[in-house]
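Welcome! Try each task before reading its solution.

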Amino acid sequence: MAWFKKNATELPWRLSDLQKERDPYAVWISETMLQQTQVSTVRDYFVRWMKRFPTVEKLAKADETEVFRYWQGLGYYSRAKNILRTAKLIAEAGGKFPETRKELEALPGIGAYTAGAILSLAYHKREAILDGNLVRIFSRLYELAFLPIGKNESETYWDYARKWADAPKGYMHNEALMELGRTVCKAKNPQCGGCPLAVACQSFKDGRIPEFPPTKKRTQKDWHGTVLVVESTDGKILAVRGGQAFLEGQLSLPHFESARMSTAGLPAKAEAYVNADDVESVTDCGSFRHNITVHKIECDVLHVRLKKSSKSRKLADTYSWLPKAKASEMFANSFSLKALERLADSADKA
Ligand code: SF4
């Protein structure tokens, strides 16, 4: 704790008085943003978010498109979707965050880690947390040659986490361990010389640090597809909700999986969105590459001009038409934005 008091980084979600209880809403937002994302990236997102949605009630009233826009760039959009669902549930119940693990974990998107963080950092309860930083530290401290993937393995890690949290100022232990993992016990080149836990660290004593934690095999999935920029005669662009799982129900341009190198004309799969008889022209605008979560995407962009106005086509509920000039402001995913950039580039070249 002495090490943490001296070395705690100033963060927008951290109070200058480290021993003060925090706003559970701010803990929830920051910890959810920090999942899979670096602190340096989250700082600005968090400040911007809290300015626009300073309370759970304000967030509960926002619409999904705007929430996605404030999340844009953090990836894993299911987190933003769940944040909004949970905000609505909490606001409906009076705006107070639950104070038990069971109630918190029953809310969309709140798992064992986030529930522990809220209870520990906001309410100062003796509740454990376990994130990637703590996993790395525990693996090295106790020479755990496995990751918390199976039930038993996970329980071993949580047991250690509970031991650290079960102390009069357990919340400080939790936060100090997260900070230590981020700044000292880093994945590459841990700074053992300045580590307050070095005397207790088994892998340091045994000179076996590179063995812990064991590496996890990450498999990337290739996805090749086609995205359509369907434009009507009244200057509107067709947008859909749903599509590939990696876009998780967001508003996006119509897209589908297809073989590499799209053939000339309108692909058969495009007829799920446009009727071939309504098509005036199809222009190949090139392709773009993009990574979303584990997906390595390569996508062809086709500009499909219709002979008709947006009003002349009967549309399914999940379709909408966006004014072309404003389309880039209305999509909250880089996938659709990159396709629009391709379209603009190809128009410049024409
Ligand atoms: S001594 Fe090194 S490996 Fe062990 S906890 Fe400290 S920084 Fe991590």
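**Exercise 1.** In which sense do strand 5 and strand 6 pair, and over how many bridges?

*Solution.* Before starting, note that this is a predicted model, in which local features need pLDDT of at least 70 and side-chain atom pairs count only at pLDDT 80 or more, while totals for chains, interfaces and linings use all residues. Residues are numbered from 1 along each chain as its sequence is written.

Step 1: find strand 5 at residues 279-292; strands (E, at least two residues) and helices (H or I, at least four) are DSSP runs, numbered from the N terminus. Step 2: follow the pairing with strand 6, which is antiparallel over eleven bridges; two strands pair if DSSP finds at least two bridges between them.

**Exercise 2.** Find the sense in which strand 1 and strand 6 pair.

*Solution.* Step 1: locate strand 1 at residues 221-231 and strand 6 at residues 295-306. Step 2: read off the parallel sense, over eleven bridges. Step 3: confirm with V230, which stands opposite V304 in strand 6.

**Exercise 3.** Decide whether A161 is buried or exposed.

*Solution.* Step 1: go to helix 10 (residues 151-165), where A161 lies. Step 2: count the other C-beta atoms within 10 Å of A161; there are 25, so A161 is buried. The cut-offs are 20 or more for buried, 12 or fewer for exposed, and partly exposed in between, with C-beta atoms placed from the backbone. Step 3: leaving out residues up to four places away in sequence, A161 touches A128, I129, L130 and L134; contact here means C-beta atoms within 7 Å.

**Exercise 4.** Describe the shell around the ligand by residue class.

*Solution.* Step 1: among the 14 residues around the ligand, C185, C192, C195, C201 and F204 come nearest; a residue counts as near if its C-beta atom, placed from the backbone, lies within 6 Å. Step 2: helix 9 (132-142) and helix 12 (202-205) each give two or more residues to this shell. Helix 9 gives the most, with three. Step 3: sort the shell into twelve nonpolar, one polar and one charged residues. Ala, Val, Leu, Ile, Met, Phe, Trp, Tyr, Cys and Pro count as nonpolar, Asp, Glu, Lys and Arg as charged, and the others, Gly among them, as polar.

Key: Two residues are in contact if their C-beta atoms, placed from the backbone, lie within 7 Å.
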